[in-house]
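Reader: I am new to this structure and would like a close look at a single part of it. Please take me through the packing there, step by step.

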Amino acid sequence: MTGTTATARARAPRAGRRGDQRREGAWGWLFVSPMVLILGLFLVLPILMALWVSLLHWDGQSNPFSGDADFVGLDNYRTLFTQDGLDRTLFATALRNNAYYVLLTVPLQTGLALGLALIVNQKLLRARGALRTTFFFPSVTSSIAVSTVFLFLFQGSGAVNSLLSWIGVKGPNWFADPRGVLSLILGGLGIIDPERPAGMLADHSFMGLSWFEWLSGPSIAMCTIILLAVWTTSGTFMLIFLAALQDIPRELEESAALEGVNRRQLLRYVTLPALRPVLFLVLTLGLISTWQVFDQVYVMGQGAPGNTTLTPAFLSYSAGFDNSDFGQGAAIAFVLLALILCLTAFQRWALRERGAREGSRR
């Protein structure tokens, strides 16, 4: 009897705790239910509707949930990947352009933002507040306005070419030059002929583009958009890095100083390891935003010259609103979504693996 009584007494508090947890969970769901309802109504439901549209041949003039829209299944996706034609070539061109845009923009904006954060975080630096405001100002300026200003700066007779002429350099006609930067560099070194590529680069192709077209690099026009993106986004990421730098304990830096660590070693072994979670955040935000670039492309060329500034986001818009093929436009958008999710997951996995290895070595 004594053992049975003790067991009953032990079970009673557990049952009471479980009941309290259930009540707390119910209250929690009650408080978050308005936001869950709003997200479901304005985010999840439109995504599901767009997914249904990607399976249709729909011109946007009728109800997509009626019999007026033709259900084509995965044909919109097959057109982008397996069927020879202009649609696949344009999609491959957009992927190539955006890939170079991401590969150049993300490292440049991350490195510049970290450098600016390290500068304005100096205790002995004068006018730190003014510098922070100056560096952050491009990030709060309208991207359309900044893009328009860049159009004037980088035109054939603009200020940039005028500055280059002072040092004896003849600047290109930036927004009308479709030549790839890597092909120009290799051509200047005499490795290939950019005008007449031969061999494996010209004989083999993938998704309608030759290997030379895939590997020719971003065009000069796309490089201008890359400069614009780096200039306008570095200020925001600078603030993120700055907040993380100010959160690093001063004891770590003082201990490193007592050990005789110089600035480079302090940055490598103390600052950067402490910034790893924030670095992952900045890289993820940069990766997502660069794959979704649209407004600069819309203002500064709409794919011109020669589709060398075409991106998947703008191609999705053009397919729907210019060509009245909303099914293919939605399909491009979902392919872009899948690509962003896969790259973000890979980036998360890569950074986790690096941290795990370092932890096992310790």
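Author: Leaving aside residues up to four places away in sequence, Phe 91 touches Leu 80, Phe 81, Met 207, Leu 315, Ile 332 and Val 335. The model is a predicted one. Phe 91 belongs to the largest nonpolar core, which has 43 residues. Together with Tyr 101, Trp 291 and Leu 315, Phe 91 touches the most other members of that core. Helix 3 gives the largest share, eight residues. There is also a second, separate core, made of 15 residues, with Leu 114, Ala 117, Phe 241 and Ala 244 among them.

Next comes the packing of helix 3 on helix 10. Helix 3 spans residues 86–120 and helix 10 spans residues 220–246. Their axes are 6 Å apart, and the angle between the two helices is about 40°. Helix 3 is therefore oblique to helix 10. The two helices cross in a right-handed sense. Sorted by class, the residues in the contact of helix 3 with helix 10 are 21 nonpolar and six polar, with no charged ones.

Gly 115 is a residue of helix 3. Its relative accessibility is 26%, so Gly 115 counts as partly exposed. From C-alpha to C-alpha, Gly 115 lies 8.1 Å from Met 238, although the two are 123 residues apart in sequence.

Met 238 also takes part in the contact between helix 4 and helix 10. Helix 4, residues 128–140, packs on helix 10 at an angle of about 130°, with the axes 5 Å apart. This angle makes helix 4 oblique to helix 10. The crossing of helix 4 with helix 10 is left-handed. On the helix 4 side, the contact is formed by Arg 132, Phe 135, Phe 136, Pro 138 and Ser 139. On the helix 10 side, these meet Trp 231, Thr 232, Thr 233, Gly 235, Thr 236, Met 238, Leu 239, Leu 242 and Gln 246. By class, the contact of helix 4 with helix 10 holds seven nonpolar residues, six polar ones and one charged residue.

In short, helix 10 packs with helix 3 in a right-handed crossing and with helix 4 in a left-handed one.

Technical notes. Residues are numbered from 1 along each chain as its sequence is written. This is a predicted model: local features need pLDDT of at least 70, side-chain atom pairs count only at pLDDT 80 or more; totals for chains, interfaces and linings use all residues. Side-chain values use heavy atoms; hydrogens and water are left out. Axes are lines fitted to C-alpha atoms, for helices over the stretch in contact, and angles run from 0 to 180 degrees between N-to-C directions. Helices (H or I, at least four residues) and strands (E, at least two) are DSSP runs, numbered from the N terminus. Angles under 35 degrees count as roughly parallel, over 145 as roughly antiparallel, 65 to 115 as roughly perpendicular and the rest as oblique. A crossing is left-handed if the near helix is turned anticlockwise from the far one by less than a right angle, and right-handed if clockwise. Ala, Val, Leu, Ile, Met, Phe, Trp, Tyr, Cys and Pro count as nonpolar, Asp, Glu, Lys and Arg as charged, and the others, Gly among them, as polar. A nonpolar core is a set of buried Ala, Val, Leu, Ile, Met, Phe, Trp, Tyr and Cys residues joined through side-chain atoms within 4.5 Å. Buried means under 20% relative accessible area, exposed over 50%, partly exposed in between (1.4 Å probe, protein chains only). Contact means heavy atoms within 4.5 Å.
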